[in-house]
Amino acid sequence: MLIYDKILAKKSKAFRQWMKSFDLSYGVQAGEELKAVENFPKHIQHLVKLCENTSSRRLTLVVAGGGSVGDFGGFVASILKRGVGLVHVPSTWLAAIDSAHGGKTALNVAGSKNQIGTFYPAKQTVLVKDLLLAQPEERSFEAFSELIKIALLEGGEFWRKLRAEKEVTSEMVWRYLPQAIAGKMRIVNKDPQEKSGHRHLLNFGHTVGHVFEAYYELPHGIAINYGLDFALKWSARQGILSAKAEEEIRTAPVSAYLLSAERDELLSARESVLKKWNQLLLQDKKKNSSRRLRFIFMKKVGQPVIKEVSVDEILMELCRQKEDELHD
Ligand SMILES: NC(=O)c1ccc[n+]([C@@H]2O[C@H](COP(=O)([O-])OP(=O)(O)OC[C@H]3O[C@@H](n4cnc5c(N)ncnc54)[C@H](O)[C@@H]3O)[C@@H](O)[C@H]2O)c1
Ligand SMILES: [Zn+2]
């Protein structure tokens, strides 16, 4: 059974042709509403009816779409008939690099993201070049944050190659998919169910990135670019990242994508935003105790360090970096 983002059928004749090879299919509208648990009963009733004459052994769900469709479809696969086969066909860069790998599924509850879910890795994830390259070119800048995140966490050959690149394009993101995915999976495989805390490394750039994403309503990837930049600057400020290691990162042409003119404008925002940022940081799921959370710093490329920090320290550093930018 195919669960697919309706936009794909609308946009592509090849996709409509491919759909015909499935006995059963269910089209959905992508987005956070699809993941809302409040809408789930309606979907699952349709889906159960669709496959009522198919045994669970014969049934495999093929889920084609971005991260929202993947999170929804993966969750369905994990509970339908107590679990059926799952294949992901990601159609966005975010899904191709990140969400289709690692087995996390999720639904939102009362507007809060990813509050329930399962660990349910796909049997296969199929990357289709034509499908991914059909996205608007500017989406590749958004995808870049997850690429550089993994490259910085891993170091080695992936980083050496990436740091020699001049420009981010869809073609380039496509070329690095295998390395980015292998890098993510090396981290996931050490802590598949997020028990030891190792998987938390994948949150690099995301603590503050999520604040920007929510507050400025930025695309995830753009917000994470700024979150990574923040984490690198803070690592340097704390003396965790040496000047030499910082220079190695900053002199890479692609590091320019971590900053933008738009960001300067963002960071010159008024003090009243601090209250809201404080609230958003307190919503961070990786929070340890009341006002402390685990933050990923970088010692050098390939050597991340997890340190517990307080929400107030993050807010202070946000202000300090803002001051620095104003003086530059
Ligand atoms: N499970 C995980 O590990 C994990 C990790 C990161 C993010 N996520 C989740 O992923 C979701 C975000 O992912 P997303 O940005 O892919 O979201 P999405 O599925 O909402 O897709 C974004 C938009 O792109 C459109 N789209 C999809 N494929 C397209 C194509 N080929 N060409 C043009 N447009 C296309 C969609 O219709 C939608 O409007 C969030 O819900 C987030 O929580 C999950
Ligand atoms: Zn991310």
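**Reading rings, a bent helix and a zinc site**

Biologist: Let's start with tyrosine 216 and tryptophan 277: buried or exposed?

Modeller: Both tyrosine 216 and tryptophan 277 are buried. Buried stands for under 20% relative accessible area, exposed for over 50%, and partly exposed for in between (1.4 Å probe, protein chains only). Bear in mind that this is a predicted model, where local features need pLDDT of at least 70 and side-chain atom pairs count only at pLDDT 80 or more, while totals for chains, interfaces and linings use all residues. Residues are numbered from 1 along each chain as its sequence is written, chains are lettered from A and ligands numbered from 1 in the order in which they are written, and side-chain values use heavy atoms, with hydrogens and water left out.

Biologist: How many aromatic pairs turn up in the whole structure?

Modeller: A pair of aromatic rings is described by the distance of the centres and the angle of the planes. Rings of Phe, Tyr and Trp (its six-membered ring) pair if their centres lie within 6.5 Å; planes under 30 degrees apart are stacked, over 60 edge-to-face, and the rest tilted. The search gives 18 pairs. One of them is phenylalanine 144 with tyrosine 257, tilted, at 5.6 Å centre to centre and 55° between the planes. That pair links distant parts of the chain, 113 residues apart: phenylalanine 144 belongs to helix 7 (residues 139–154), and tyrosine 257 to the loop between helix 12 (243–250) and helix 13 (261–267). Helices here are DSSP runs (H or I, at least four residues), numbered from the N terminus. Phenylalanine 144 counts as buried because its relative accessibility is 0%, whereas tyrosine 257, at 23%, is partly exposed.

Biologist: And what kind of pair do tyrosine 216 and tryptophan 277 form?

Modeller: Tyrosine 216 and tryptophan 277 are edge-to-face, with 6.4 Å centre to centre and 70° between the planes. Tyrosine 216 sits in helix 10 (residues 206–216) and tryptophan 277 in helix 14 (residues 273–282), 61 residues apart. Elsewhere, ring pairs join Tyr4, Phe15, Trp18 and Phe22 into a cluster.

Biologist: Now helix 9: where does it bend?

Modeller: An α-helix has 3.6 residues a turn, so residues three or four places apart point the same way. Helix 9 (residues 170–190) bends by about 45° at leucine 177, with proline 178 following within four residues. (The bend is the angle between axes fitted to the seven residues ending there and the seven starting there.) Buried residues of helix 9 include Val173, Tyr176, Leu177, Ala180 and Lys184. The helix's buried residues pack against helix 5 (93–99), helix 6 (129–133), helix 7 and helix 8 (156–163), with contact taken as heavy atoms within 4.5 Å.

Biologist: Which protein donors hold the zinc ion (ligand 2)?

Modeller: Donors are N, O and S atoms within 2.8 Å of the metal (3.2 Å for Na, K and Ca); water is not among the atoms, so sites may look incomplete. For this zinc ion they are Glu146 (OE), His206 (NE2) and His220 (NE2), 2.0 to 2.2 Å away. Their spacing along the chain reads E-x59-H-x13-H. Histidine 206 is in helix 10 and histidine 220 in helix 11 (residues 220–237), so the two tie together parts 14 residues apart in sequence. Both histidine 206 and histidine 220 are buried.

Biologist: What does glycine 205 contact, leaving aside its neighbours within four places in sequence?

Modeller: Glycine 205 touches Ile224, Gly227 and Leu228. Its place is the loop between helix 9 and helix 10, and it counts as buried because its relative accessibility is 6%.

Technical notes:
Expected span 1.5 Å × (residues − 1).
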